[in-house]
Amino acid sequence: MIELLRRLRYLVDRRRLERELSDEMAAHREMMAEENATANPTFGNQLRLMESALEVWGWCWLDRLFQDLHYGLRLLRRSPGFSLTAVLVLALGIGVNLTAFRLLLLETTPNVRDPDSLVEVARWFPNGMGTTIAYPVLAFYGEHARSFAAVIGAHEDSVAYGGTTSERRAPGSAPDNVTVNFVTATYFAEQSPPLSHGRGLATALDEEPASEPAAVVSQRFWEGRLGSNPAVVGQSLRLNGKPVRVVGVLLNPREHRIDVWMTLSKQPYVVAGSNLLTDWTSSSMHGTARLKPRVSVHAAEEESRALAAALREEHPEAVGKDERLSLTPFSSNRLHPQEVVAAAMAATLVMLILVVACANLGSLLLARGVARDREIRTRLALGASRLRVVRQLLTESTLLALAGSVLAWALSAVALQVYLTRAGDPRDWAVVFDWRVMAGTVVIALLAAMVFGLTPALRLSGSAPRGGRARSIFLAGQVGASCILLMISGQLVRSFGELLQLNPDFDYEKVLTIAPGLRSHGYGDAAAAQYFDALRQRLRSVPGVEGASVTWLPVWGDVYSAFFERGRKVSFNRVDDAFLGTLGLHLSRGRNFASYDRDAMLVSESFARWRWPGEDPIGKRLIVPVAATVVGVVAKAGTFDIQDENSLGVYYPITPQDYRDASIAVRVAGAPGKMAGTLIGVAGSQDATLRPGYDLLRTAYDNAVAQSRRRVDILGLLGLLATTLAAVGLAGLTGYTVSQRTREIGVRMALGAGRARIVRAVIRPLVLPVAFGMASGVLGAGAISSVLRNNLSSLRPADPIAYLTAIALFVVVIGLAVCAPARRAARTQPAEALRHE
Amino acid sequence: MPKTGPDLVPGTLIMLILRVLAPGSMHGYAIALRIRQLSGEVLLVEEGSLYPALQKVLLKGWVNARWGISNTKRRVRFYSLTPAGRKQLTAELAGYSQVNEAIQAILKFA
C-alpha cells in the first residue's frame with residue numbers, strides 16, 4: 001500500500017527523479033574514471049542503464065505509450081490524405097452504428113421522468129391477470145404499501161363537450177364527444193409531462209371536494225377546439241353540461257387520444273351518478289406506481305401479496321384468493337417481438353456497414369504498411385521486439401478509431417437532434433449525453449481498431465511475405481459485405497417504396513374536405529340537402545375554388561364503408577355528379593352518373609377486371625348492397641385506400657338521406673391550407689351555430705406515407721453509404737498499389753509495354769478477390785432476404801431484375817474506382833517513374 | 001566487457017547493499033567500492049545492476065536518499081538505512097545464513 005503511494009509519488013515527480021538518477025550516474029562515472037584512468041570505464045550505455053534502473057518503478061509502459069502516441073500522431077499528420085480518409089470512413093461506419101444504438105435507446109425509453117422506477121400495476125391471480133383495478137383497492141395499496149412512493153390511477157370517460165361557456169350554442173344542438181382522463185393528482189407530480197401553458201393538476205389545489213373543477217387540455221384539443229387561444233388558462237368549458245376551468249395545456253401528451261385531464265375526485269361531478277370512487281368491485285382504473293428508491297419489483301410484488309390477503313379479510317368481494325399485484329417496469333417490454341426481429345435485422349445491416357468500413361481501413365493500412373516496410377524493418381533490426389512494433393501499429397489504429405468515433409459522435413448527435421425535432425419530441429440533450437452512449441462509442445471504436453488494425457499489424461511485423469493473402473481477404477470481405485448491404489437495402493427500399501410510388505389517380509394536394517356535422521346540430525334531411533345545395537353554389541363562386549362535390553363519407557376520412565362481394569372487401573361511397581370533376585378522377589370507359597340516379601354506379605377498373613374478367617363491365621348489374629347498373633369505369637379507386645392501389649371500389653349516386661352526415665370536397669387553385677379559413681367561413685356563415693372542421697387530403701396522405709418514407713430514406717442512405725465506402729476503399733487500394741509499383745511500371749513502359757498491358761497488370765490482382773467477394777455477397781444477400789421474408793410479410797420476393805440492377809450498379813462503381821488509378825498508372829512517364837524513388 | 005569475478009548469487013546484492021549501509025550512509029560509487037574491497041576484489045558490482053537495485057530498495061522504503069557533498073567535493077546522493085531497512089537486513093541475514101549452512105553441509109558431505 002505504502003509502496004503504491006511511493007510509486008504514485010514517483011509518477012508525479014518523475015522528471016526530477018530521472019534527472020537525479022542521471023546526475024548520480026554521471027558522478028559515479030566520473031569517480032570511476034578518476035580512480036583508474038587507464039582501464040576501460042565499465043559504465044555501459046547510460047540511457048539503457050537508466051531505463052533498466054527506472055523500470056523498477058513500473059511506469060515504463062506509460063513512457064512507451066506516450067512515445068507511441070507521439071509517433072503515431074506525427075505519422076498521421078504527415079499523410080493527411082490517408083488520415084482524413086480513414087477518419088471519415090470510420091466516422092461513417094461508427095456513426096451509423098451509434099445513431100442506431102441511440103435510436104433504440106430513444107424508442108425504448110419512455111418519455112417520462114425516471115422511467116426505471118415507474119411500474120404498471122396489474123392484478124395477478126393464480127389463474128390469470130387483470131390489467132385494471134378498482135379505485136378503492138388501488139387507493140388501499142397506495143396508502144399501505146411501503147414499497148410505493150406513490151400510486152397513480154387513471155380512468156377514461158367519453159364526455160359530451162358543449163363548447164366554452166362564453167360560446168352561445170343553439171338550443172337543442174347536440175354536442176361532440178371528447179375523451180376525458182380522470183387521474184389522481186400524482187399523475188402530474190410523478191410523470192411531469194411538459195406543459196405549454198398554465199399548470200398541471202395538483203393534490204392540494206384540485207383534489208379537495210370544495211375546489212373548483214379544474215381541467216388540463218391536450219395541445220390538439222387546444223388547437224382544434226379552442227382556436228389556439230393564448231388566453232386559454234382561466235377559460236371555462238362545458239363537459240356534460242357542467243362548467244370546468246382550464247388551468248393548463250399539455251404539450252405532446254404520451255396518450256394521444258386524450259383530450260382533457262381532470263382530477264379523479266371530480267369524476268362524479270362530471271359523470272352524474274358515478275360510483276367509481278366507492279365501488280370496490282368495478283375494475284375501472286389503470287394503475288401505475290412509483291417504487292421507492294432501492295425497492296425491487298419482486299419485493300414490491302411480495303409485499304402486495306400480504307396486503308391483498310389483509311384486504312380480503314375486510315372486502316372479500318374486492319380481492320380474489322391468493323391475489324397479488326403484478327408490476328411491469330415502464331422501461332421494459334417496450335418492444336414487440338416483431339419489432340425485435342426488425343431491430344435485429346437493422347442492427348445486422350448497420351453492423352455490416354461497420355464491417356465494410358473496417359475491411360476498408362484494414363486493406364488501406366496493409367497497403368500503407370507495405371509502403372512503410374523499410375521503416376518497420378529498420379525498427380526490427382535496431383532491436384525492437386515484434387510485440388513493440390505491433391503495439392506501435394495498434395496505437396496508430398486506435399488513434400484513428402478514436403478520432404473517427406469523436407466525429408461519429410458529433411454526426412450522430414446532429415442526426416438524432418434532427419430526428420427529434422422533426423418528430424416533435426421535446427427530449428433532446430438528456431438522451432444525447434447518455435453514459436451508455438459514451439461507453440458504446442468507446443467500445444465500438446476499440447473493437448473497430450482491433451478488427452482493422454490487428455491483422456495488418458501482425459502481418460507487417462511478421463517475417464512472412466507481406467500483404468498478399470490478408471489483403472485479398474480484406475478486399476473480398478469488403479466487397480462481399482457492401483454487396484449484401486446494397487442488395488438488401490435495395491430490396492427493402494423497393495418494398496417500402498411501393499407506398500411512395502403509389503400515385504393516387506388524382507391531384508390530392510389541392511383538395512380539402514369540410515365537415516359541418518349537420519346531424520349533431522339537429523338538421524333534418526330536407527334542411528341538410530338545402531344547406532349543401534346552397535353551400536356548393538356559394539363555394540363555387542369563391543375565387544380560387546375549382547370545384548366542390550358533396551360526398552356521403554369524407555374522402556380519406558376515419559370512416560369508410562364496404563360490402564363483401566364473393567369474399568372480397570369492396571369499399572363504396574355515395575357522391576354527387578360533380579365528384580369525378582372535383583377530385584380529378586378519370587373515366588376509362590362509359591359515362592358519369594347524375595345525382596339521385598337510383599340505378600347507376602361507377603366501378604373501379606380493378607373491380608371491373610376482377611369481377612368480370614375479359615368482359616365489358618358497362619351494363620352489368622349488381623344487387624348488393626343496392627341494385628344498380630354499371631355506367632362507367634373509373635381508372636383507379638384512389639379515394640378509398642391510400643395504401644392499396646389495387647383496392648376495389650364502387651361509387652353510387654348520393655341519396656337525399658345522405659346529407660345529414662355528408663361533407664364537401666373542395667378543389668382549389670392555390671394552397672388549400674391558406675384557403676381553408678375562407679372556406680370554413682363560407683360554410684359557417686350559412687348557420688352561425690355550426691362550427692365546421694376541415695381536413696387537407698395532403699395531411700392524410702403525408703401521415704400515411706411519412707413512416708414509410710423515413711424507412712426508405714434510411715435504407716437508401718445505408719445502401720448508398722455501403723457503395724460509397726466500397727468505392728472509396730477500392731479506389732484507395734488501387735491507388736496505393738499503383739504508387740507502390742510506379743518504378744516497376746516505369747521499367748515495363750521503358751521496355752515497351754503498352755498502356756492496356758499496364759492497366760491489366762494493375763487490375764489483375766484485384767479481380768479474383770473482388771469476384772469472390774461479389775459471389776459470396778450475392779449468396780449472403782439471398783440468405784438474409786429469405787430470413788427477412790419470413791419475418792416481414794410486407795417484403796416482396798426477391799426479383800431478379802432488382803438483383804441484377806444492384807449487381808450492375810456495384811460493378812460499375814467498382815470498375816470506376818479501380819480504373820481511375822489504373823489509368824493514371826498507364827499515363828506514367830517512364831523517365832519520371834524511374835526517378836521516382 | 002571482460003568478466004573479472006564470479007557472478008553474485010541472485011538476490012544477494014540487495015542484502016549486501018543493506019549490510020554495507022548498516023554502519024552509516026554512503027553514496028552509490030562508494031557502495032560498489034566497499035563491496036569490492038570487503039570481498040577481497042572478488043565481487044565486482046557493475047553499475048548496470050547496482051542502480052536498479054538501489055531504485056528497488058528506495059521503492060521498498062528500506063533506504064532513504066539525500067543529496068550531499070562527497071570527500072572529493074562532488075554532489076552525490078547518500079543512501080542510509082531506514083528502520084524498515086534494518087529489519088529487512090536482519091531478516092535476510094538470518095535467512096541467508098540458514099541457507100548457507102545447509103549448502104555447506106551438503107558440500108562437506110559430498
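Student: What percentage of the 837 residues in chain A do buried residues make up?

Tutor: This is a predicted model, and in it buried residues make up 47% of the 837 residues in chain A. The accessible surface of that chain comes to about 40,300 Å², with 59% of it belonging to carbon and sulfur atoms. As for secondary structure, chain A holds 26 helices and 22 strands, and among its contacts with a separation of 6 or more, 79% are between residues 24 or more positions apart.

Student: Which elements of chain A have the lowest and the highest mean pLDDT?

Tutor: Where pLDDT is low, the predicted coordinates should not be read in detail. For chain A the mean pLDDT is 78, and 82% of the residues reach 70 or more. Among the elements of this chain, helix α15 (residues 429-432) has the lowest mean, at 48, whereas strand β13 (residues 545-551) has the highest, at 92. There is also a stretch, residues 170-175 of chain A, over which pLDDT stays under 50, and for which the model has nine contacts beyond four places in sequence.

Student: How many salt bridges are there over all chains, and which parts of the chain does the pair D259(A) and R220(A) tie together?

Tutor: The criterion is a side-chain nitrogen of Lys or Arg within 4 Å of a carboxyl oxygen of Asp or Glu, and by this rule the count over all chains is 21. In one of these salt bridges, the side chains of D259(A) and R220(A) meet at 3.0 Å, N to O. D259(A) lies in the loop between β8 (242-250) and β9 (260-263) of chain A, while R220(A) lies in helix α9 (residues 219-225), so the pair ties together parts that are 39 residues apart in sequence. Because its relative accessibility is 9%, D259(A) counts as buried.

Student: Are D576(A) and R536(A) buried or exposed?

Tutor: The side chains of these two residues, D576(A) and R536(A), meet in a salt bridge at 2.4 Å, N to O. This pair links distant parts of the chain, with D576(A) in the loop between β15 (568-575) and α19 (579-583) of chain A and R536(A) in helix α18 (residues 525-541), 40 residues apart. D576(A) has a relative accessibility of 1% and therefore counts as buried, and R536(A) is buried as well, with a relative accessible area of 10%.

Student: What is the area buried between chain A and chain B?

Tutor: The size of an interface is often given as the accessible area lost when the parts come together. Between chain A and chain B the buried area is about 2,300 Å², of which carbon and sulfur atoms give 59%. On the side of chain A, the residues that lose the most area to chain B are E24(A), H28(A) and M31(A), together 28% of what that side buries. The contact takes 23 residues from chain A and 25 residues from chain B. Two salt bridges are counted between the chains. E20(A) forms a salt bridge with R77(B), with the closest N and O atoms 3.0 Å apart, and these two residues belong to a network of salt bridges that links R16(A), E20(A), E24(A) and R77(B).

Student: Which residues form a nonpolar patch on the surface?

Tutor: The patch is formed by L84(A), L88(A), L92(A), L407(A) and L411(A), which have about 420 Å² of accessible area together. The elements that give two or more residues to it are α5 (80-108) and α14 (386-423) of chain A, and the largest share, three residues, comes from α5(A). L88(A) has its place in helix α5 of chain A and is partly exposed, with a relative accessible area of 45%.

Student: Which residues does N573(A) touch, not counting those up to four places away in sequence?

Tutor: N573(A) is found in strand β15 of chain A, and at 5% relative accessibility it counts as buried. With residues up to four places away in sequence left out, N573(A) touches T551(A), W552(A), L553(A), F640(A), V650(A), Y651(A) and Y652(A).

Technical notes: Residues are numbered from 1 along each chain as its sequence is written. Chains are lettered from A and ligands numbered from 1 in the order in which they are written. This is a predicted model: local features need pLDDT of at least 70, side-chain atom pairs count only at pLDDT 80 or more; totals for chains, interfaces and linings use all residues. Side-chain values use heavy atoms; hydrogens and water are left out. Helices (H or I, at least four residues) and strands (E, at least two) are DSSP runs, numbered from the N terminus. Buried means under 20% relative accessible area, exposed over 50%, partly exposed in between (1.4 Å probe, protein chains only). Patches are made of residues with over 30% relative accessible area and no salt bridge: like charges are joined within 9 Å, nonpolar side chains (Val, Leu, Ile, Met, Phe, Trp, Tyr) within 5 Å. Accessible areas come from the Shrake-Rupley method with a 1.4 Å probe; for residues, only the protein chains shown count as cover. pLDDT is the predictor's confidence in each residue, from 0 to 100. Contact means heavy atoms within 4.5 Å. Buried area is the accessible area (1.4 Å probe) that two parts lose on being put together, summed over both.
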